[in-house]
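Me: I am new to this structure and would like to learn how to read it step by step. Could you take me through it?

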Amino acid sequence: EHIDTVEYNGVHLVFAFIQCSKSPIEEDAEVVIMQIVEDGEELLEAVEDDEIADAVFDIVMERAEAEEE
């Protein structure tokens, strides 16, 4: 399930969440952060840089917490 799109340092990144079960979000859920790349068309490619992935994850979590308030 797509939950947010973040622009980080001029790069569009898609933050996706894949649940491990049909129950609400669990600690063991897998989080995937992908980058939008253009090669004649828009393609998604996994973000390999842990620093970028961590920064994007933090941004999305801050947004989610702000929405809860």
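This is a predicted model: local features need pLDDT of at least 70, side-chain atom pairs count only at pLDDT 80 or more; totals for chains, interfaces and linings use all residues.

Me: What share of the residues is buried, and how much accessible surface does the protein chain have?

Reply: Of the 69 residues in the protein chain, 23% are buried. The accessible surface comes to about 5,400 Å², and carbon and sulfur atoms account for 46% of that surface.

Me: In which sense do strands E3 and E4 pair?

Reply: To read a pairing, one looks at the direction of the strands and at the bridges between them. Strand E3, residues 30-38, pairs with strand E4, residues 42-46, in the antiparallel sense over 5 bridges. Among the facing residues, Val37 stands opposite Leu43, while the bridge partner of Ile36 in E4 is Leu44.

Me: How many residues lie between E3 and E4 in the hairpin?

Reply: The hairpin formed by E3 and E4 has 3 residues between the two strands, and Gly40 in the turn has a positive phi of about 85°.

Me: Is Val14 buried or exposed, and which residues does Val14 touch?

Reply: For a single residue, one can look at its element, then its accessibility, then its contacts. Val14 lies in strand E2, residues 11-18, and counts as buried because its relative accessible area of 13% is under the 20% cut-off. Leaving aside residues up to four places away in sequence, Val14 touches His2, Asp4, Thr5, Val32, Ile33, Met34, Ile36 and Leu44.

Me: What kind of surface patch do Val31, Phe57 and Met61 form, and where is Val31 placed?

Reply: As a general idea, side chains in a regular strand alternate between the two faces of the sheet. In this structure Val31 is placed in strand E3 and, at 37% relative accessibility, counts as partly exposed. Together with Phe57 and Met61, Val31 forms a nonpolar patch on the surface, and the three have about 210 Å² of accessible area together.

Methods:
Residues are numbered from 1 along each chain as its sequence is written. Side-chain values use heavy atoms; hydrogens and water are left out. Two strands pair if DSSP finds at least two bridges between them. Helices (H or I, at least four residues) and strands (E, at least two) are DSSP runs, numbered from the N terminus. Buried means under 20% relative accessible area, exposed over 50%, partly exposed in between (1.4 Å probe, protein chains only). Accessible areas come from the Shrake-Rupley method with a 1.4 Å probe; for residues, only the protein chains shown count as cover. Contact means heavy atoms within 4.5 Å. Patches are made of residues with over 30% relative accessible area and no salt bridge: like charges are joined within 9 Å, nonpolar side chains (Val, Leu, Ile, Met, Phe, Trp, Tyr) within 5 Å. A salt bridge is a side-chain nitrogen of Lys or Arg within 4 Å of a carboxyl oxygen of Asp or Glu.
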